[in-house]
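Here is a short report for a reader meeting this chain for the first time. Look over the sequence and the structure, then read on.

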Amino acid sequence: MIQRKKKLIFFQIILFTIGLSIIIYTYYFKKEKNSGIISLDNLEKVDNKLKENQGLGEDVFLNIKYSGLDLAGNRYILIAKEAVTNKINEELLDMKFVEVTFYFKDDTTLNVKSNAGLYNNKTLDMIFTGDVVAKYEGSKLTAQKADYSNSKSFLTISDNVIVTDDKGVIAADKLLFDIKKQNLKIVSINKKINANINLK
């Protein structure tokens with residue numbers, strides 16, 4: 001009888017130990033597993049964003065890259081960290097953190113960066129907005145907007161335009177860059193600056 005009670009107590013201790021081990025292991029494993037999972041708040045935000053995009057008929061793309069030739073025969077590469085397309089007008093892409101590099105036939109390059117942009121994948125026209133920075137042949141240009149017309153081979157830069165190079169600093173209202181002729185026209189509404197510069 002005493003022997004039987006000892007065995008029963010022994011089995012109860014073993015079962016209790018196993019049960020406790022399972023509880024501790026399950027709790028620890030669950031905590032460890034959940035540490036890599038998105039929080040409910042963030043999950044709801046992502047879900048809401050996806051629903052918004054579905055409602056608008058939009059698709060979101062990350063780290064996109066386009067390359068091709070413009071109508072003047074110059075090669076270009078366009079990259080963006082994020083792009084959103086609207087299914088109503090699939091030609092247009094709204095982009096964030098944009099960079100385009102034009103490789104001209106005379107082996108010079110024009111690089112343009114901006115916070116946001118709009119790209120028409122049919123006409124190849126591009127609009128850059130927000131902290132626009134352009135670099136060409138040792139000159140650096142900053143502005144708030146740049147508009148590239150593929151059909152006209154023309155780049156219009158406006159809104160707080162400042163050009164810096166080894167010759168000095170120029171502030172203007174607008175810059176007109178003819179890509180075919182590689183000619184730059186600097187325009188100022190207050191007439192302080194109005195110049196044509198041949199970049200060849």
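## Overview

A residue counts as buried when its relative accessible area is under 20%. By that cut-off, 28% of the 200 residues of the chain are buried. The model is a predicted one.

The chain holds 2 helices and 10 strands. Read from the N terminus, the order is α-α-β-β-β-β-β-β-β-β-β-β. Among contacts with a separation of 6 or more, 30% join residues 24 or more positions apart. The accessible surface is about 14,000 Å², and carbon and sulfur atoms make up 57% of that area.

## The nonpolar core

The largest nonpolar core has 34 residues. Met-95, Leu-110 and Met-126 touch the most other members. Strands S2 (75–86), S3 (89–103), S4 (109–120), S5 (126–136), S6 (139–149), S7 (154–165), S8 and S9 each give at least two residues to this core.

Leaving aside residues up to four places away in sequence, its partners include Tyr-76, Leu-78, Val-100, Phe-102 and Leu-118. Ala-146 and Tyr-148 are also among them.

## The S8–S9 hairpin

Strand S8 (residues 168–178) runs antiparallel to S9, and 5 bridges join the two. Together S8 and S9 form a hairpin, with 4 residues between them. In the turn, Gln-182 has a positive phi of about 50 degrees. Leu-175 stands opposite Ile-186 in S9.

In a regular strand, side chains alternate between the two faces of the sheet.

## Salt bridges

The chain has 2 salt bridges. One joins the side chains of Glu-82 and Lys-96, at 3.8 Å from N to O. Glu-82 lies in strand S2 and Lys-96 in strand S3, so the pair ties together parts 14 residues apart in sequence. Both ends are partly exposed: Glu-82 has a relative accessible area of 22%, and Lys-96 has 42%.

Glu-91 and Lys-122 form a salt bridge too, with their closest N and O atoms 3.8 Å apart. This pair links distant parts of the chain: Glu-91 is in strand S3, while Lys-122 is in the loop between S4 and S5, 31 residues apart. Glu-91 is partly exposed at 29% relative accessibility, whereas Lys-122 is exposed at 61%.

## A surface patch

Ile-14, Ile-18 and Ile-22 form a nonpolar patch on the surface. Together they have about 250 Å² of accessible area. Ile-22 lies in helix H1 (residues 2–34).

Note on methods:
Residues are numbered from 1 along each chain as its sequence is written. This is a predicted model: local features need pLDDT of at least 70, side-chain atom pairs count only at pLDDT 80 or more; totals for chains, interfaces and linings use all residues. Side-chain values use heavy atoms; hydrogens and water are left out. Two strands pair if DSSP finds at least two bridges between them. A nonpolar core is a set of buried Ala, Val, Leu, Ile, Met, Phe, Trp, Tyr and Cys residues joined through side-chain atoms within 4.5 Å. Buried means under 20% relative accessible area, exposed over 50%, partly exposed in between (1.4 Å probe, protein chains only). Contact means heavy atoms within 4.5 Å. Accessible areas come from the Shrake-Rupley method with a 1.4 Å probe; for residues, only the protein chains shown count as cover. Patches are made of residues with over 30% relative accessible area and no salt bridge: like charges are joined within 9 Å, nonpolar side chains (Val, Leu, Ile, Met, Phe, Trp, Tyr) within 5 Å. A salt bridge is a side-chain nitrogen of Lys or Arg within 4 Å of a carboxyl oxygen of Asp or Glu.
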